[in-house]
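Please read them with the coordinates open beside you.

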Amino acid sequence: MSALRFVLRRLAYGGLITLGVSALTFAMLELAPGEFFDDLKLDATVGTHTVETLRQEHGLTASAPVRYAEWLSAVVRGDFGLSLAHDTPVAPLLWERMRNTLVLTVPALFITWFIALPLGLWTARVRGRIVDRLCSGATSALLALPDLLIGLLMLLVALKSGLFPAGGMFSPGAADDESAGRIGDLAMHAVLPLCAVVLSTLPAILRHVRASAIDARQSPAVRAARGHGIRGWRLNLRYVLTIAANPLISLAGLSIASLLSASLLIEVVMSWPGLGPLLVDALLSRDVHVVLGATMLATVFLVAGNLVADLALYAADPRIRA
Amino acid sequence: MTRMRVILGSLIALHVVVGLAGFVAPYDPTSQDRSSPYAPPTALHVMDTSGELQAPFVYAQVPDPNDPAAYIDDTAHRYPVQLLANGRLLSVDAPGRLSLLGTDGFGRDVFSRVLHGGRVSIAAGLLATLCALVVGMTLGTLAGFFGGFLDRIVMRTADVFMALPWIYLLFAVRAALPLHIDTRATFLMLVAVLGVVGWARPARMIRGIVLSARERTYVRAAEGFGASSSYLLWRHILPHTYSIVLTQASVLIPQYLLAEVALSFLGLGIGEPNASWGSMLGTLQQYHVLMSYWWMLAPAVALTTVALAYHALTALVHERARVLTASVLLLLALGAHSAAAAPVPAARAAGEDVLATSDAGHYGGRLVVALRAEPRTLNPIAAVDAPSKDVIGRMSGDLIHINRLTQGTETALAKSWKRSADGLSYTLSLRRGLRFSDGHAFDADDVVFTFKVLMDPAVGAPHRDLLVVSGKSIAVTKVDAHTVRLTLAEPYAAAERLFDSIAILPRHLLERAYAQGTLADEWTTTTAPAAIAGLGPYRLKHYVAGQELVLERNPYYWKVDSSKRRLPYLDEIVFVFAGNEDAQVIRFQSGDSDLLGRTTADNFSLLSRDQAAKRYQLKDLGPALEYNFLVFNQNDLTGKNLPQIAAKQRWFGDVTFRRAVSLAIDRQGITRLVFKGRAVPLWGNVSPGNRLWVNNSIPRPARSVAQARELLKASGYAWRPDGSLVDKQGQRVEFTIVTSATSAQRTAMATLIQADLKELGMDVRVVPLEFRALVERVVETFDYEASIQGLGGGDADPNAEMQVWLSRGANHMWRLGQKTPATPWEAEIDRLMQQQLSTLDAGKRKAMYDRVQAIVAEQLPFIFLAAPHILVAARGDLANFQPAVLDHYTLWNADQLYFTPQLAGQRR
């Protein structure tokens, strides 16, 4: 089966999956108690008649299948609906926020793998020694810290050192500065959130790299290579890494798939205007169209990431190709 | 081998210690010591004051008189540490305290809570990991081994599972479970669901390995020799997956241990007073706790230790032992572990412009304010959320304004008004020569248009209900270009207070949209600034989504200061979006923002520590107008399938029961522990912050458990030998209090009340719920027993509370949806509230509302708890900063704020 047919078939499945995900998300939204305008019900200044009018205006009074069908037919036409919270179309809202999130997660992805691969390979080599134990301890400690806490600790660093801004993406008023100073401002604001994202994703990947590398080192091929006198980085790159590659490629695919969700809570804590705060708000307030749109977006990334991983797996592991 | 023994040994020791928490821990995890909240770890001494060596002992800790948050040792008495006394490993006699890791906000021993909490947390972590790995391994192996169609189905399903927002399923599961199920069981159920839906990631990775292993030559060979699939799987394929599974386990266990933290944030965690590492870490996420109380990090250390231990175990098994041993050990571990209206002023003949009441200021500067969330809209008709109202309030003008400091009315766009003798019509005289922020002239047509739009039911403006008095709308007519008349169907006391915060809309910009019926969709945050106009001190400059909203000075603003210079002083106000309360505080501390509106007592104390160095202005304005209360479900439950709650309404409906509960509640403890003393205890619905309307003669009984017991006894309740309370029918008195999971303060109040009522023999559970799930129960399904809520905080005038006290009002929370009042006293309140609505004499209104307050304090439909103080902060050089207890607390006089010259212009 040619690669092209494979890719096309996966893309077709991707479309089906996105559809399925949207239907299931919608169903779950229905199951969960409460809806968007519920917070008005405890507000003494807003009467019940107003709440009903608002619900009707925004199309929340129709039955579930009808609402889903309406949404679906709008999506086919390219209209992803209106956000109940922001009263603006969903698509541009998501697009802009996604860009801001990717500014954080894409560099974080590269940095994480850039650190995890060599570090994992090295600790596999010096396994059992003090350095390895220290690394192990540090990864355990990082795994034991929730994202929110890591974000808060970064904010503390900002506060105590005064070197970095304590949140946000730009300084107030700097958003329309057209010059290169804007990039500098953005970079200063991005350093701490980037560190937080890297610290939260690094431990798991490091563990996997190290474990796979240990396995690979014990394989006959690597033993033979060492017997031949191949050592150091040549050994690592040509032998250990290639043998250890299988689970790591799947993991890389999962990393790509989670590009949008890795920084969710950190963005919330550090006021980074990405998908995180938008999604958390939308999820909790049952802003239906935003949730559906964001889930579909996440699915697209997921399908893409898995596709890349599967293609890479086929390319890299000859045992599968056979 | 020794290393294996060491690791296994320490793991077993860990589990044993946690399992025997009842013995090892010096205290009960739920026993509160309200005199020592947030106390640091007790120091163990071996040398006494005279320098002699003694057996290890501790001193009692007493609050430091110089610093209310600190403790010092009372060296007068020594309390030796006792081994194996009182049924515990280590203990000291009271009032000495052996808190090896300090205490939490309720004075509960952190060390004991860490031990007890370990049971739940480790069980949760192991359970979820087990679920995820079992399902993941099964499906991943099947997919990889059989390939083809099965592989495709499983992998596509995995994709779907990874993409779905499972949070809603968890909400749905939580909603489906009745409230009285043990919270630990509910919690473990939720964790198991979380684990099961997490099968996709491990499955993906395992499938990759299996795919590869399947094609090995020896597998092919075995197949050729006729080996069955199960043999191949068991003997050849599965061993390849062990490494991945174990690594996944070492990553997933701490991950699921932590999942609890997110679950508690969402109202799905284990309820109070149960301890668990996740919920303890949850408190650490509050900035002030992180900054001040380092010993609260103990659960993180415990988590790290457990994570390390399991990692070491998996690494070990990876190298030597068989997976079977590991799984047996893990299962054993799992098995071993089974939480005013003011009197109407005479029409004032003022000049065309109002003189500001504060000192003349300097122009220039940019004020940065951090909002908790983004404004949803800039349309005054559609705005219901606080951030939108905050921003819109600075951009729009109203006819008659309530001065936040005096709480009385003053002229604004209307330079004078006259009320007719029968109180049915108000004639307002508008100022002349005013312009909107785009330069267009303002006249009576705009006022008429605004009211027409507001009262049109098709538009659905939320404030419409404020303007519909006794079912009939206000009629607004134009008398001439600068005069309007408003006619009411019945006299309405303090009607002019209604006009505050009704933004006057520009007819020239919105008329067409109104005709087309799209008015409510206009003026979103992304609308171009030129299309928005208002009569307020500022106008929209630009909005950058997710980052900032900038307002600039309105050059056509009508107000001038005492030197006849045009207001406002500030060039710009920049609203940035901070995301949550802690981020707001951090932004303020770092100098990113200049103003902190309405913060909690804990953050306020934190800021007061740097006050001298950073020269902030910190103001405690005294009690707010809002009131927090405990409400029992007295709704009519016929037709709803809630037999257990209906049975309990025997107690809830009995006023003696409610009085007993009220007497047993430690209001002083609440003000001290929840609000750090910055609150006032309440016995009625009007807080002392509402100076004009509070009834100071309602009884304020001090806490008395003995009296409460007397009341209960007189009403037919009795106590069993074990201390638990039973009613006349012999049924144990127990109920659940639901609160909003996001409101730490209300949950804290519930926790304190839970301990208070235990002294009466009542068994109370606290269940924090996600906000919308809570609203649905309290307002729609009535599937709850008791709840902590808060109301008030709008205007000082009693008319703002109509919906609460009228028996058919939408906020009559204890009994919603009744057509006629269910009790004589509710009928009397109805009568009084209606009367005061149309009485124009202020003295008579006060007398009527006083009577309402007295009835409410006597009948206790709500058991009032406390009113928090309004706490605000601003930069030292912000002048004319005059915060008040009415909304908007800090920016109500934004047009008069300015920066004192020496620092204005030094912005980052």
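Leaving aside its neighbours within four places in sequence, which residues is B:Leu399 in contact with? Point 2 takes this up, after a word on conventions.

1. Conventions. This is a predicted model, in which local features need pLDDT of at least 70 and side-chain atom pairs count only at pLDDT 80 or more, while totals for chains, interfaces and linings use all residues. Residues are numbered from 1 along each chain as its sequence is written, and chains are lettered from A and ligands numbered from 1 in the order in which they are written.

2. The surroundings of B:Leu399. With neighbours within four places in sequence set aside, B:Leu399 is in contact with B:Ala412, B:Leu413, B:Ala414, B:Leu428, B:Val447, B:Phe499 and B:Ile504; two residues are in contact if their C-beta atoms, placed from the backbone, lie within 7 Å.

3. The nonpolar cores. A nonpolar core is a set of buried Ala, Val, Leu, Ile, Met, Phe, Trp, Tyr and Cys residues joined through C-beta atoms within 7 Å, where buried denotes 20 or more other C-beta atoms within 10 Å of a residue's own, exposed 12 or fewer, and partly exposed in between, with C-beta atoms placed from the backbone. The largest such core holds 357 residues, and those that touch the most other members are A:Val269, A:Ala294, B:Leu399, B:Ile573, B:Ala660 and B:Met749. Helix H3 (residues 110–146) of chain B supplies the largest share of this core, 19 residues; helices (H or I, at least four residues) and strands (E, at least two) are DSSP runs, numbered from the N terminus. At least three residues of this core come from each of domain 1 (3–88) and domain 2 (91–321) of chain A. A second, separate core has 5 residues, among them B:Val58, B:Tyr59, B:Val92 and B:Leu98. As background, nonpolar side chains tend to be buried together in soluble globular proteins.

4. The interface between the chains. In the contact between the two chains, chain B takes part with 93 residues and chain A with 90 residues. On the chain B side, helix H9 (residues 229–265) of chain B gives the largest share, 8 residues. By class, the side of chain B that touches chain A has 51 nonpolar, 24 polar and 18 charged residues, if Ala, Val, Leu, Ile, Met, Phe, Trp, Tyr, Cys and Pro count as nonpolar, Asp, Glu, Lys and Arg as charged, and the others, Gly among them, as polar.

5. Chain A contains 13 helices and 0 strands, its C-alpha trace spans about 85 × 60 × 40 Å along the principal axes, and 49% of its 322 residues are buried. Its domain assignment gives domain 1 (3–88) and domain 2 (91–321), and such bounds come from an automatic or database domain assignment. The C-alpha centres of the two domains of chain A lie 31 Å apart, and their contact takes 22 residues from domain 1 and 19 residues from domain 2. On the domain 1 side, helix H1 (residues 3–31) of chain A gives the most, with 10 residues, and that side comprises 11 nonpolar, 9 polar and 2 charged residues.

6. Strand pairing in chain B. Three strands of chain B form an open antiparallel sheet in the order S1-S2-S3, two strands being paired if DSSP finds at least two bridges between them. Strand S1 (45–47) and strand S3 (71–80) of chain B are the edge strands. Strand S2 (residues 53–63) of chain B is joined to S3(B) by 6 bridges, and B:Phe57 has B:Pro80 as its bridge partner in S3(B). Elsewhere, strand S13 (residues 475–480) and strand S14 (residues 483–487) of chain B run antiparallel and are joined by 5 bridges, forming a hairpin with 2 residues between them.

7. Backbone geometry to check. A cis peptide bond, with omega about -5°, joins B:Leu567 and B:Pro568, and B:Pro568 lies in the loop between strand S16 (548–553) and strand S17 (572–577) of chain B. A:Ser271, a residue other than glycine, has a positive phi near 55°; A:Ser271 is buried, with 30 other C-beta atoms within 10 Å. B:Asn880, also not a glycine, has a positive phi of about 60°, and B:Asn880 counts as partly exposed because it has 19 C-beta neighbours inside 10 Å.
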